[in-house]
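Here is a structure to walk through step by step. Keep the sequence and the view side by side as you read.

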Number of protein chains: 2
Amino acid sequence: MQVKRLGERGLIAMIHRMQSAPPPGMVGIGDDAAVLPAQQRGWLISQDMLVEDIHFRWDWSAPEQVGVKAAHVNMSDIAAMGGRPRAALTSVAVPGSLSSEVLESLYRGLTRAFDPFGVVIVGGDTVGAVDKLVLDVTILGEPGPGGPVMRQGARPGDRLLVSGRLGASYAGYMLLSHGIGWPGTDIDDRSVLTAHLEPQARVELGLAVAPFVHAMTDVSDGLVDEVRELTRFGSVGADVWLERLPICPATRRVGEHFGGDGRDYALYGGEDYELLMAVPPSHLQAVQEAAEATAIPLTEIGAITDRRQIRWLDDGNPVAVKDVAFFDHFSR
Amino acid sequence: MQVKRLGERGLIAMIHRMQSAPPPGMVGIGDDAAVLPAQQRGWLISQDMLVEDIHFRWDWSAPEQVGVKAAHVNMSDIAAMGGRPRAALTSVAVPGSLSSEVLESLYRGLTRAFDPFGVVIVGGDTVGAVDKLVLDVTILGEPGPGGPVMRQGARPGDRLLVSGRLGASYAGYMLLSHGIGWPGTDIDDRSVLTAHLEPQARVELGLAVAPFVHAMTDVSDGLVDEVRELTRFGSVGADVWLERLPICPATRRVGEHFGGDGRDYALYGGEDYELLMAVPPSHLQAVQEAAEATAIPLTEIGAITDRRQIRWLDDGNPVAVKDVAFFDHFSR
């Protein structure tokens, strides 16, 4: 069945079937607007758009994976504020020729990703007749007890810590875009494909570390860009210790295959959705313990300084970095 | 300059220049997520997507008008809940070849429409490389003192009232889509073009009548569809008095030109963005007085009944209506 025969009412009924009812006080799909209950600390809100052939390709991703990715890319913004995602709105522009099964799978991916976090889709829009599918998600969250964790707030002496590993998403992208068979054989290696196709927002980690960090952001545009973001405010800079970057063996091997070492993927690749945070030394232990409870490793990769510059150091030697991330969606 | 040379940072700087700073407690563009302050009555939220060649065409609309329309289409959903719009997020997928002047005009339209209502753009996304421009707006509002006015709540004996006039947007669409010169000459007639290209959300009216109505919605998909929405709940139906529909002379004349009488435009045309409300007889006078204060006329066009059916009556004679609105964006 084509999407245009499913209709907007059919789509709404489908979403209702796929997810739990909204919690008390929240009014979901079905009226002119949804109602979000009063929250003492207000609401966090963010919006990210995914476009076919830019953010995903049908020959790389199953429709369900596209839904999963859209959900996590958005939840990552709430995680970066130390908040808990609660509700979402989803707008989709679909080619009229698309089968309703594709749209159903896309929504199954969204609801499958949202459900463990208790996120409910409360509204959105669906329109037809475009060439490429466009999926726009608005995510809403609740700030943690200490309030939102902003990008602003890093102080000289803070340590820079990053979760998980960097560059893996771009390594996956390189493999997929070159259409070559994966050179390795062990199961770990496939993780770079998963990193690109189904990134995981660090929601629990963000919540756990929020009380102990001065500033935080997610690494969506590559490390170079995000360190700049954390040092944009006040009179601070940073030293980043490149030899410490958490780059997994699979990412290194992909990097070597294409004539590098994977480090560029970490610096410029983007779409890692790890958390980058500035932590005062007195809270390092608390942050590490919080991270252990969520089973996501944290790596100390640098420090905030009182110099208004960022030094990228390789075993102590300054290294020049480029100005632009690999992913500039505008320029493609 | 092409949009791709403007870049996302350039776009954000442009938006900052165009609008006022967010009110205290609200954190706007620039972090991973925006922060909406705590509101005692919670928040209203809705999302509407506009797609080039479906909701607008560059040969009919100036870019600024597209922004104005997107803003009002979204604010209309808040008006229909009896709420006050407060903040917005805007995502745009733009063809890379688009000039940055077009995007700037689009945003000028958005901010020009939002500004009088105190609505601030607090976030969004911008991505490139699609064929058709896609603009998705999320609107946030504050419920009125009596809480949100839902579609549910109409009771037998309530009167059905509608604001402004119906069918004018579709009359404008018919003129534009046939590419014919407008047959009339007086300035009033042009109002159907304006109704289609720059609809006005009934924000002040919605706020004014909210304390007195049982149920309300906006007429975005034609009257037939919206009366069904107001009678979907409980054991109510409605009588609608077709001879009373507020159809302006210009809409009638366009209807006659195309072999009808304009009534079909009111019933199925859509995009009128007027308010349809169920008012208890005891509050009719209060509602009319509230409307007079906003200078938007209200017309009594029917009544809620205790029969589970909708009767469309032309001078008392039942008339059959069609099942589908003219605008079904899915089926194009």
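**Where two chains meet**

A:Leu44 has B:Val35, in strand E1 of chain B, as its bridge partner. Keep in mind that this model is predicted. Strand E2 of chain A is joined to E1 of chain B, residues 34-36, by 3 bridges. The two strands run antiparallel.

Now step back to the two chains. Two copies of a chain are related by a rotation about an axis and a shift along it. The same surface serves both copies, as 100% of the contact residues of chain A recur in chain B.

How many residues of each chain are in contact? In chain A there are 64, and they meet 64 residues of chain B. Together the chains bury an area of about 5000 Å². Carbon and sulfur atoms give 59% of that area.

A:Arg151 forms a salt bridge with B:Asp32. Their closest N and O atoms are 2.9 Å apart. Polar contacts between the chains come to 29 residue pairs.

Which element of chain A gives the most to the side that touches chain B? It is strand E2, residues 43-51, with 8 residues. The residues of that side of chain A divide into 30 nonpolar, 18 polar and 16 charged.

Methods
Residues numbered from 1 in each chain as written. Chains lettered and ligands numbered in written order. Predicted model: local features only at pLDDT ≥ 70, side-chain atom pairs only at ≥ 80, totals over all residues. Heavy atoms only, no water. Contact = heavy atoms within 4.5 Å. Buried area = accessible area lost by both parts, 1.4 Å probe. Salt bridge = Lys/Arg side-chain N within 4 Å of Asp/Glu carboxyl O. Polar contact = N/O pair within 3.5 Å; in protein donor to acceptor, adjacent residues only side chain to side chain. Helix = DSSP H or I, 4+ residues; strand = E, 2+ residues; numbered from the N terminus. Nonpolar A, V, L, I, M, F, W, Y, C, P; charged D, E, K, R; others polar. Pairing = 2+ DSSP bridges.
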